[in-house]
Amino acid sequence: MQSWYDGLNKPKLTPPNKVFWPVWSMLYVLIAVALIVYFRTPVKPHSTTVLVILATHFLAGFSWTSIFFGKKKILAALFDLLFMDATLAVIIFLFANTNPLAAALLAPYALWSLLATWLNFGIWRLNPDKR
């Protein structure tokens, strides 16, 4: 898996591999706190909708690794990330209507997700032989 990824052409702004673990650790903490803040908010309009969107968002997130690294389907992984970006935008919007702090806590995750989408697109574009 790693040798396949290491052999890909990547955009110039690709972070070094050692950055991913600390960034994801911080993001998981922020996501967990955002969920706690949201679910502890007494009035939650659209809570069923939020649960469904959260479930589909996290399922897509967990699927990305398998699609990109396991199946080596770069374009399919890009579509997965675009879906994640869209569902995350909806989650942030719904969180903001319930508890703005919960939405704000997801901002770093949204930025990282957009970076991941841009990187995935760059890898797809720079590796036409791997399509």
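Partly exposed residues are those with a relative accessible area between the buried range, under 20%, and the exposed range, over 50%. Lys73, with a relative accessible area of 48%, is therefore partly exposed. The structure discussed here is a predicted model.

**Overall make-up**

The chain contains 6 helices and 0 strands. Read from the N terminus, the order of elements is α-α-α-α-α-α. Along the principal axes, the C-alpha atoms occupy a box of roughly 50 × 25 × 20 Å. The chain has 131 residues, of which 38% count as buried. Among contacts in the chain with a separation of 6 or more, 72% are between residues 24 or more positions apart.

**Helix pairs**

Two helix pairs share α3, which spans residues 47-70. Its partner α2 covers residues 17-40, and its partner α4 covers residues 74-98.

| Pair | Axis approach | Crossing angle |
|---|---|---|
| α2 and α3 | within 13 Å | roughly 165 degrees |
| α3 and α4 | within 9 Å | roughly 155 degrees |

Take α2 and α3 to begin with. Their axes cross at roughly 165 degrees, so α2 is roughly antiparallel to α3. The crossing of α2 past α3 is left-handed. On the α2 side, the residues that meet α3 are Ile31, Leu35, Tyr38 and Phe39. On the α3 side, Ser47, Val50, Leu51, Leu54 and Phe58 take part in this contact. By class, the α2 and α3 contact comprises 8 nonpolar residues, 1 polar residue and no charged residues.

For α3 and α4, the axes cross at roughly 155 degrees. The cut-off for roughly antiparallel is over 145 degrees, and α3 and α4 are therefore roughly antiparallel to each other. Here too the crossing is described as left-handed, with α3 passing α4. The contact of α3 with α4 is made up of 18 nonpolar, 6 polar and 1 charged residues.

**Ile31 in α2**

Ile31 lies in helix α2. The relative accessible area of Ile31 is 7%, and the residue is therefore buried. Leaving aside residues up to four places away in sequence, Ile31 touches Phe58, Leu106 and Tyr109. Phe58 is one of the α3 residues in the contact with α2. Between Ile31 and Ser66, which are 35 residues apart along the chain, the C-alpha separation is 22 Å.

**Lys73 in the loop**

Lys73 sits in the loop between α3 and α4. With residues up to four places away in sequence not counted, Lys73 touches Ile67 and Phe68. The C-alpha atom of Lys73 is 9.2 Å from that of Trp124, although the two residues are 51 residues apart along the chain. As noted above, Lys73 is partly exposed.

**Salt bridge**

The structure has 1 salt bridge. Asp129 and Lys130 form a salt bridge in which the closest N and O atoms lie 3.3 Å apart. The cut-off for such a pair is 4 Å between a side-chain nitrogen of Lys or Arg and a carboxyl oxygen of Asp or Glu, so the separation of 3.3 Å for Asp129 and Lys130 qualifies. Asp129 has a relative accessible area of 61% and is exposed. Lys130, with a relative accessible area of 32%, is partly exposed.

Notes: Residues numbered from 1 in each chain as written. Predicted model: local features only at pLDDT ≥ 70, side-chain atom pairs only at ≥ 80, totals over all residues. Heavy atoms only, no water. Axes fitted to C-alpha atoms, helices over the stretch in contact; angles between N-to-C directions. Helix = DSSP H or I, 4+ residues; strand = E, 2+ residues; numbered from the N terminus. Parallel < 35°, antiparallel > 145°, perpendicular 65-115°, else oblique. Left-handed = near helix turned anticlockwise from the far one by under 90°. Nonpolar A, V, L, I, M, F, W, Y, C, P; charged D, E, K, R; others polar. Buried < 20%, exposed > 50% of the residue type's maximum accessible area, 1.4 Å probe, protein only. Contact = heavy atoms within 4.5 Å.
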